[in-house]
Amino acid sequence: EAMRMPVPAEVTLKPPGAWKLIGQRLPRLDSVSKTTGRAVFSFDVRRPGMLVAVVRRPDLFGATVRSFDDREARAIDGVVDVVQVPSGVAVLAEDTWTALRGREALKVDWDTGKAETRSVEDMLAEYRTLAGEKGLPALRRGDAEAGLARAAKVYEAEFTFPFLAHAPMEPLNCVIELSDDGAELWSGCQLQSIDQAAIARVLGLKPQQIKINTLFGGGSFGRRGNPMADWTKEIAHVAKAVGRRVPIQLVWTREDDIKGGFYRPLVLHRVRAGLDDGGRIIGWRHKIVCQSLFVGTPLESSLVHDGIDETSVEGVVDTPYEIGNFAVESFNAQSLIPVLWWRSVGNSHGAHAMETAIDELARLAGQDPVAFRLALLADKPRDAAVVKLAAERAGWGQALPAGRGRGFAYHSCYNTRVAMVADVAVARSAIKVDRIVAAVDCGVAVNPDIITAQIEGAVGFALSACLRNQITFADGVVQQTNFDDYAPTHMSEMPQVEVHIIASQADATGIGEPGVPPLAPAIGNAIFAATGKRLRSLPFAAKALG
C-alpha cells in the first residue's frame, strides 16, 4: 500500500512542541513478550518432521576433513543421517541430545597441513615486529616526527587487546525448509540480504526464492550480522547434502559458539607522543596492528581503502581532540582465525588506547585530566558539554579514601558522545567497580528509557571484557569453552550506573554501540588513581597490582 502512494515533493516535520511520544520514557514493545516467554526465537521453531543438526568442526582453524568414520554415530537410535559439509561433518537426529551423542561418536581424520597453529604469544611477537616497520598511512596531519623532535617530554606506551568472543546468551541456530519453489529460513539474523544471497548460492537458487522469517535473537553484539554468513551457509550446505526435503534445525552449543571463531581481533597499539614546555601535545605517532575485518568479504570495497580497513583505525583517526601533528599507521596482520565486528568494532580498542594515553599525558603535563581534555576540545562545544556534565555529576575532584580511585574517559563514535567516570576500589589485588557515571549526547532523545538501558547494558556487557575475558590459543586450539572460563558479568559485579542525557535538538544518532568504548579506559584510569600503577592492556590483570 505504501508503494502505491505518491512520494510527496516536500515533507513538513512536526515541531518539537507537538511531539507526543518523542522524548517520553516508554517501555519497549517487546518487554512483556520476552519476560513472559511468549517471544519466539529460532530455537523455539518446530516444523513437522524436523531434524536437528549439529556439526563436528575442527579444533584448528583452517583444518579440513580428510576422512571420517560414522558407523558408531549411525548406530545410535534416533540418528537419521551423517553428511560432510565444508565446515565439517554434520549429524542429523530426531532431537538435539541424540544429535550431540552422534557427534561425539564420530571419528574424524583432519588435514591440518594449512591450519593456524600459533599461540597468542607467537602472534603478538609478530605484531611487535610489524609495529617496528613502516605501516600504511591512515592519517597524516601536520608533522608528527618534527613535533616529537621538539618535545620537552616524550611519552611511549604499548597496548594489547585479546581476541574476544561475542558469547550471546542464545548460541547460533536457525531452521531451514526446502520446497519446490525455493527455501524458507527462520533465524534471528541481522543481515538478511547477505544471508538470502548466501543460501541462494549454496542451493543454486535465485535470491527471490529464499524467504527469511526474522525472529528475535537472544543477543548478538555483532555475531548474528556476519558478512560471511557462516552459520546461514552452513545450514544451507547441510540441507543440500541431505538431499531430501525435510525441515532442519541447526544447533550450535555454547562450546561451539565460543570455540567457533569470528572473534573481535587481537590488536596491538603503539603510541609515542610529545609535550612542549607548556604541557601541550606537539606530536603524536600512533601505530595499530590488527587483522582486517573486511579484506576478503563482500564489504571490502566499501570499508577498505588503499589497503586500510577503516574499522581497524577508528577511534583513533577520528578522535575529536585537537592534535595538530598527528600520524596514524595501520598494519594488516594475517591469520586464519575468523574475525568479525564486536560491539563498537574498532572503537572497542581505539578508545582505550587514546583515553589512557590522554590521561597519562595529562599527568605528565601536571594537569587535571578533565581540564586537559577540555583544552583539547576548546572548539567542540558539544563534546566539551558532555565532558563537563559527567565530571560534575560524578563529583570529579572530590577526595576519595585510600584504596579507591576515580577515572575519567571520553569518546565519540557513531556521532554520539559519551563520557564516563568510574569509581573503583582496589584491595588485595582485587578490582571492584562500584559506580559508573555517564553523560550522553545522542541528539534528540527519542526514548530516554532505552538510552539509559543501552548504556547500562553496555557497561554490563563490557565489564567482563575489562576484568577477565579473553580468547587464547595453545598451538592453535581455543582454550575457552563455556561460561565457566569465559564468564559474562555477574549480577554481584554490576556497578551502580547513572546516566545523564543532554537535551538536544540535533539529529538523533546511535546508542547501541557508544556505551562500550569509554568504560575500559575510565576503569583503567581509576585503577591508576587508586594505586599509582598503570594497567594498559586488556583484560586488566589484578595480580599485576601486587
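1. The sulfur of Cys466 lies 15 Å from the closest cysteine sulfur, that of Cys413, which is too far for a bond, a disulfide being a pair of cysteine sulfur atoms within 2.5 Å. With 2% relative accessibility, Cys466 counts as buried, where buried means under 20% relative accessible area, exposed over 50% and partly exposed in between, with a 1.4 Å probe and protein chains only.

2. This is a predicted model, in which local features need pLDDT of at least 70 and side-chain atom pairs count only at pLDDT 80 or more, while totals for chains, interfaces and linings use all residues. Residues are numbered from 1 along each chain as its sequence is written, and side-chain values use heavy atoms, with hydrogens and water left out.

3. The disulfide count comes to zero. Cys290 is in no disulfide, the nearest cysteine sulfur, in Cys413, being 16 Å away, and Cys290 counts as buried at 3% relative accessibility.

4. The whole structure holds four cavities of 30 Å³ or more, a cavity being a set of points on a 1 Å grid over the protein atoms alone where a 1.4 Å probe fits but cannot get out, with lining residues having an atom within 4 Å of a point. The largest has a volume of about 110 Å³, and its lining includes Cys466, Arg264 and Trp342; helix H14 (residues 448–467) gives the largest share of that lining, three residues.

5. The second largest cavity has a volume of about 60 Å³, and among the residues that line it are Cys290, Arg264 and Trp342.

Methods
On a 1 Å grid over the protein atoms alone, a cavity is a set of points where a 1.4 Å probe fits but cannot get out, and a pocket is an open set with protein on both sides within 12 Å along at least five of seven lines; lining residues have an atom within 4 Å of a point. Grid points are joined across faces, edges and corners, and a volume is the space filled by probe spheres set on the points. Helices (H or I, at least four residues) and strands (E, at least two) are DSSP runs, numbered from the N terminus.
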